[in-house]
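Thanks for taking a look at this structure with me. Here are my notes as numbered points, meant for someone meeting the model for the first time.

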Amino acid sequence: MGQIVGSNVSRLREEQGLGKTAFCLMAGISRPYLNRIECGTANITLKELQRLADSLDVAPELLLAEPRD
């Protein structure tokens, strides 16, 4: 599940033209932590999932959705 969330965060962040530093400031997280999220190695809480979704202006379920081909 972590890799799905990480992939979705990375894709949505890039689609919105947000660099890692800018996104970290918006989400209130460190850059190393964002790297771990996007690599799928971080275990995020529901509160953090909501914060990431809010920063990307999407519903949290979009971060949990499996990519469609």
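1. Glu14 is exposed, with a relative accessible area of 53%; here exposed means over 50% relative accessible area, buried under 20%, and partly exposed in between, using a 1.4 Å probe and protein chains only. Glu14 sits in helix H1, where helices are DSSP runs (H or I, at least four residues; strands are E, at least two) numbered from the N terminus. Between Glu14 and Leu34 there are 13 Å from C-alpha to C-alpha, and the two are 20 residues apart in sequence.

2. A word on the basis of these notes: this is a predicted model, in which local features need pLDDT of at least 70 and side-chain atom pairs count only at pLDDT 80 or more, while totals for chains, interfaces and linings use all residues. Residues are numbered from 1 along each chain as its sequence is written, and side-chain values use heavy atoms, with hydrogens and water left out.

3. Helix H1 also holds Asn8. Is Asn8 buried or exposed? Asn8 counts as buried, because its relative accessibility is 2%. Its side chain makes a polar contact with the side chain of Arg11 at 3.1 Å. (A polar contact is a pair of N or O atoms within 3.5 Å; within protein, one must be able to donate a hydrogen and the other to accept it, and residues adjacent in sequence count only if both atoms are side-chain atoms.) Leaving aside neighbours within four places in sequence, Asn8 is in contact (heavy atoms within 4.5 Å) with Leu62, Leu63, Leu64 and Ala65.

4. In soluble globular proteins, nonpolar side chains tend to be buried together.

5. Not counting residues up to four places away in sequence, Phe23 touches Val9, Arg13, Leu18, Ile29, Leu34, Leu52, Ser55 and Leu56.

6. How many cavities of 30 Å³ or more does the structure hold? There is one, and the largest cavity contains about 30 Å³ of space. On a 1 Å grid over the protein atoms alone, a cavity is a set of points where a 1.4 Å probe fits but cannot get out, and lining residues have an atom within 4 Å of a point. Grid points are joined across faces, edges and corners, and the volume is the space filled by probe spheres set on the points.

7. The lining of the largest cavity is made up of Ala27, Ile29, Tyr33, Ile37, Glu48, Arg51 and Leu52. H3 and H4 are the elements that give two or more residues to this lining, and H4 has the largest share, with three. The lining divides into five nonpolar, no polar and two charged residues; Ala, Val, Leu, Ile, Met, Phe, Trp, Tyr, Cys and Pro count as nonpolar, Asp, Glu, Lys and Arg as charged, and the others, Gly among them, as polar.

8. Please compare two residues in the loop between H3 and H4. Ala42 lies there and counts as buried at 9% relative accessibility, whereas Asn43, also in that loop, is exposed at 74%. Beyond four places in sequence, Ala42 touches Tyr33, Arg36 and Ile37, while Asn43 touches Tyr33 and Glu48. From C-alpha to C-alpha, Asn43 and Met1 are 9.5 Å apart, although 42 residues separate them in sequence.

9. Glu38, in helix H3, is a charged residue that is buried, with a relative accessible area of 15%. Its contacts, not counting residues up to four places away in sequence, are Gly6, Ser7, Val9, Ser10, Arg13 and Lys20. Lys47 in helix H4, by contrast, counts as exposed at 68% relative accessibility.

10. Finally, please check the backbone at Asp57, which has a positive phi of about 60 degrees although it is not a glycine. Asp57 is found in the loop between H4 and helix H5 (60-64) and is exposed, with a relative accessible area of 72%.

Definitions and conventions
On a 1 Å grid over the protein atoms alone, a cavity is a set of points where a 1.4 Å probe fits but cannot get out, and a pocket is an open set with protein on both sides within 12 Å along at least five of seven lines; lining residues have an atom within 4 Å of a point.
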